[in-house]
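Reader: Hi! I'm new to looking at protein models, could you walk me through this one?
Author: Happy to, let's open it up.

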Amino acid sequence: RDAQSPMTNELRSAQRSVAPLFGTAAFARLAAEICQHFRTSLRFSVEALSALQTASEGFLIKLYKTANLNSIHAHRKVVRAEDLRLARRTMRDTRC
């Protein structure tokens with residue numbers, strides 16, 4: 001079995017877990033701050049915030065997993081900004 005990077009192990013652990021990666025209150029504040037740029041009086045239900053948080057975390061896990069594969073392909077153990085850029089570009093180009 002090949003040696004796996006610590007990031008790969010952490011990502012796999014996060015994928016198996018059902019607990020949110022970020023605190024619910026912190027995510028709610030972040031979502032409210034972002035939405036202030038579009039409309040000043042938006043309110044979210046608990047279910048909407050939960051769905052938004054789940055989708056956001058799923059996207060980030062997939063992004064970091066792809067970036068990690070890019071760094072492994074380049075024979076590096078550390079993910080660089082270029083790996084993240086390539087991962088975003090790859091994910092954008094492969095949407096259905």
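Author: One term before we start: a residue counts as exposed when its relative accessible area is over 50%, and as buried when that value is under 20%. Also keep in mind that this is a predicted model.

Reader: Thanks! So is Glu10 buried or exposed?
Author: Glu10 has a relative accessible area of 59%. The cut-off for exposed is over 50%, so Glu10 is exposed.

Reader: Where does Glu10 sit?
Author: Glu10 is in helix H1, which covers residues 6-16.

Reader: And how far is Glu10 from Lys65 in space?
Author: Their C-alpha atoms are 9.9 Å apart, while 55 residues separate Glu10 and Lys65 in sequence.

Reader: What about Gly23 and Ser41?
Author: Those two are 18 residues apart along the chain, and their C-alpha atoms are separated by 23 Å. Gly23 itself is in the loop between H1 and H2, and counts as partly exposed at 41% relative accessibility.

Reader: Okay, helices now. At what angle do H2 and H3 cross?
Author: Roughly 95°, and their axes come within 11 Å. Helix H2 is residues 24-35. The angle makes H2 roughly perpendicular to H3.

Reader: Which residues make that contact?
Author: From H2 you have Thr24, Phe27, Ala28 and Ala31, and from H3 there are Leu49, Leu52, Gln53 and Ser56. The residues of this contact of H2 with H3 divide into five nonpolar, three polar and no charged.

Reader: What does Gln53 touch, leaving aside its neighbours within four places in sequence?
Author: With those left out, Gln53 is in contact with Pro20, Phe22, Gly23, Thr24 and Phe27. For Phe22, a polar atom of the Gln53 side chain lies 2.9 Å from the backbone oxygen.

Reader: Nice. How do H3 and H4 pack?
Author: Helix H3 (residues 46-73) and helix H4 (residues 81-93) meet at an angle of about 120°, with their axes 8 Å apart. H3 and H4 are therefore oblique to each other. Their crossing is right-handed.

Reader: Which residues of H3 and H4 meet there?
Author: On the H3 side they are Phe59, Lys62, Leu63, Tyr64, Thr66, Ala67, Asn70 and Ser71. On the H4 side they are Asp83, Leu84, Leu86, Ala87, Arg88 and Met91. The residues of the contact of H3 with H4 divide into eight nonpolar, three polar and three charged.

Reader: And the loop between those helices? Where is Arg76, for example?
Author: Arg76 is found in that loop, between H3 and H4. At 16% relative accessibility, Arg76 counts as buried.

Reader: Which side chain does the Arg76 side chain make a polar contact with?
Author: The side chain of Asp83, at 2.8 Å. Leaving aside neighbours within four places in sequence, Arg76 is in contact with Ser71, Glu82 and Asp83.

Reader: Last one: is His75 buried or exposed?
Author: His75 counts as exposed, at 78% relative accessibility. Its place is also in the loop between H3 and H4. One more detail to look for is that His75 has a positive phi of about 60° although it is not a glycine.

Note on methods. Residues are numbered from 1 along each chain as its sequence is written. This is a predicted model: local features need pLDDT of at least 70, side-chain atom pairs count only at pLDDT 80 or more; totals for chains, interfaces and linings use all residues. Side-chain values use heavy atoms; hydrogens and water are left out. Axes are lines fitted to C-alpha atoms, for helices over the stretch in contact, and angles run from 0 to 180 degrees between N-to-C directions. Helices (H or I, at least four residues) and strands (E, at least two) are DSSP runs, numbered from the N terminus. Angles under 35 degrees count as roughly parallel, over 145 as roughly antiparallel, 65 to 115 as roughly perpendicular and the rest as oblique. A crossing is left-handed if the near helix is turned anticlockwise from the far one by less than a right angle, and right-handed if clockwise. Contact means heavy atoms within 4.5 Å. Ala, Val, Leu, Ile, Met, Phe, Trp, Tyr, Cys and Pro count as nonpolar, Asp, Glu, Lys and Arg as charged, and the others, Gly among them, as polar. A polar contact is a pair of N or O atoms within 3.5 Å; within protein, one must be able to donate a hydrogen and the other to accept it, and residues adjacent in sequence count only if both atoms are side-chain atoms. Buried means under 20% relative accessible area, exposed over 50%, partly exposed in between (1.4 Å probe, protein chains only).
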